[in-house]
Amino acid sequence: MSQVAFLDNLLREYLVFRGFSGTLKALDLEQRTEKDQHFRAERILEQFNNAVQTSDLQALRSLWFHLDNNIFSKLEHTYAVAVKKLENSLLKYYLVTAYSSNRAEKVSEFFTKLAGELQQQSEWKDWFYFPFCRNAEESPTFALFFTKQWQDTLLLSLRNFLTTVYQCLPQPTFVRAEQEAIHMQRLSEDNAGLRTRLLSLQQELHQLTQQQPGTSAAGGSLSGGDGAARRRSVYRQQQSLSDILPFDISPPGHIVDDFCIIASEANSVSQASDAQARGLKLLIRNIGSGSSPVMGRKDQTASSLGDKSTKRRSGSVGRSWI
């Protein structure tokens, strides 16, 4: 608040210096009548409403162009449709008010001045019949714009839009003059400090270069070892984990669970016990039947020996006969 008052005094001094007495009187009058220092969208809304009620097309258009060039043009591209919609609605409100006030000459003047601009817009195609329409408030095309609900909604939307826009706008450069001056002074001080530091570093470097020839002759024998050690230390510092290659180790085989081994051993033991039990059962069955497995094997060996002797005799006879 104090900064705005300080800038108002500066502006007043400038107007006195330039001799703008009329502007100075208007400034003093508005400062006395305003209740607060903040912007109120109702002021702009009152100016629009006064221009519409008095059918002052020039004032209406000049005020809108001022807002469009200085405020609406700085908004994002997404707000362009809303701005154009509000402008067209405000012009339609002007026509409806002039028609309701029996100012046919103002309606004709409107289309005479803006016909070239509006005929390129499809939204205004039906409105060129408006000056020749009788009882336009009863026409299905124009009846909506004569209702108080539509007019109040338009003024409320315009007020909300202006309030939102002015809250989002940055402060003008004139208001930020003192802040910019303080910022520039701080930057100049930082620049001077950096210049002083740079000069001191240059002087230290110059002194080191002057002392280096004397020290190199005295410690020439150690320079080689120190240089190598310094290079090794730098090389170690530059190494990182990404420079170390991993060993080529083959992956392990399939992992066998110990419980699987225990199960296989249990199966082999059970199979052996089953085979032993079947052998015992077979032996008992042979003993009960009266035949001996040992005698049976002896008979089989005797019969096999007899067959071999007969084969030898037949072979000998054959060879002697030949």
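**The cavity and its surroundings**

Reply: In this predicted model, the residues that line the largest cavity are Leu60, Arg61, Trp64, Glu87, Leu90 and Leu91.

Me: How many cavities of 30 Å³ or more does the structure hold, and how much space lies in the largest cavity?

Reply: The structure holds one cavity that reaches the limit of 30 Å³. The space inside the largest cavity comes to about 50 Å³.

Me: Which helices each supply at least two residues of the lining of the largest cavity?

Reply: The lining includes Leu60, Arg61 and Trp64, as well as Glu87, Leu90 and Leu91. Residues 57–70 form one of the contributing helices and residues 80–100 form the other. The helices that each give at least two lining residues are therefore α4 and α5.

Me: What is the make-up of the lining of the largest cavity by class?

Reply: Leu60, Trp64, Leu90 and Leu91 belong to the lining, and Leu and Trp count as nonpolar. Arg61 and Glu87 also belong to the lining, and Arg and Glu count as charged. By class, the lining has four nonpolar, no polar and two charged residues.

Me: What length does α4 reach from its first C-alpha to its last, and what is expected at 1.5 Å a residue?

Reply: α4 has 14 residues. The expected span is 1.5 Å times one less than the number of residues. The length reached by α4 is close to the expected one, and both are given as 20 Å.

Me: Why do the buried residues of α4 lie on the same side of the helix?

Reply: The buried residues in α4 are Leu57, Leu60, Arg61, Leu63, Trp64 and Leu67. They lie on the same side of α4 because the arc they cover around the axis is only 165°. An α-helix has 3.6 residues a turn, so residues three or four places apart point the same way. On the other side of α4, the exposed residues are Gln58 and Asn69.

Me: Which helices do the buried residues of α4 pack against?

Reply: The buried set in α4 includes Leu60, Arg61 and Trp64, which also line the largest cavity. The packing partners of the buried residues are α3, α5, α6 and α7.

**Loops with positive phi**

Me: Is Ser55 buried or exposed?

Reply: Ser55 lies in the loop between α3 and α4 and has a positive phi of about 55°, although it is not a glycine. Its relative accessibility is 3%, and the limit for a buried residue is under 20%. Ser55 is therefore buried.

Me: What is the separation of the C-alpha atoms of Gln151 and Val96?

Reply: Gln151 is found in helix α7 and, at 17% relative accessibility, counts as buried. Not counting residues up to four places away in sequence, Gln151 touches Tyr93, Val96, Phe145 and Phe146. Gln151 and Val96 are 55 residues apart along the chain, and their C-alpha atoms are separated by 9.8 Å.

Me: Which residues does Thr97 touch, not counting residues up to four places away in sequence?

Reply: Thr97 has its place in helix α5. Its relative accessibility of 9% makes Thr97 a buried residue. Beyond its sequence neighbours up to four places away, Thr97 touches Val52 and Gln53.

Me: Which residues is Gln121 in contact with, leaving aside its neighbours within four places in sequence?

Reply: Gln121 is placed in the loop between α6 and α7. Its relative accessible area is 18%, so Gln121 is buried. With neighbours within four places left aside, Gln121 is in contact with Lys84 and Asn88.

Me: How far apart in space are Thr163 and Glu42, C-alpha to C-alpha?

Reply: Thr163 has its place in helix α7 and, at 25% relative accessibility, counts as partly exposed. Thr163 and Glu42 are 121 residues apart in sequence. From C-alpha to C-alpha, the distance is 9.0 Å.

**The chain as a whole**

Me: What share of the residues in the chain is buried?

Reply: The chain has 11 helices and zero strands. Among contacts between residues at least 6 apart in sequence, 61% join residues at least 24 apart. Of the 322 residues in the chain, the buried share is 18%.

Definitions and conventions
Residues are numbered from 1 along each chain as its sequence is written. This is a predicted model: local features need pLDDT of at least 70, side-chain atom pairs count only at pLDDT 80 or more; totals for chains, interfaces and linings use all residues. Side-chain values use heavy atoms; hydrogens and water are left out. On a 1 Å grid over the protein atoms alone, a cavity is a set of points where a 1.4 Å probe fits but cannot get out, and a pocket is an open set with protein on both sides within 12 Å along at least five of seven lines; lining residues have an atom within 4 Å of a point. Grid points are joined across faces, edges and corners, and a volume is the space filled by probe spheres set on the points. Helices (H or I, at least four residues) and strands (E, at least two) are DSSP runs, numbered from the N terminus. Buried means under 20% relative accessible area, exposed over 50%, partly exposed in between (1.4 Å probe, protein chains only). The arc is that of the directions from the helix axis to the C-beta atoms. Contact means heavy atoms within 4.5 Å.
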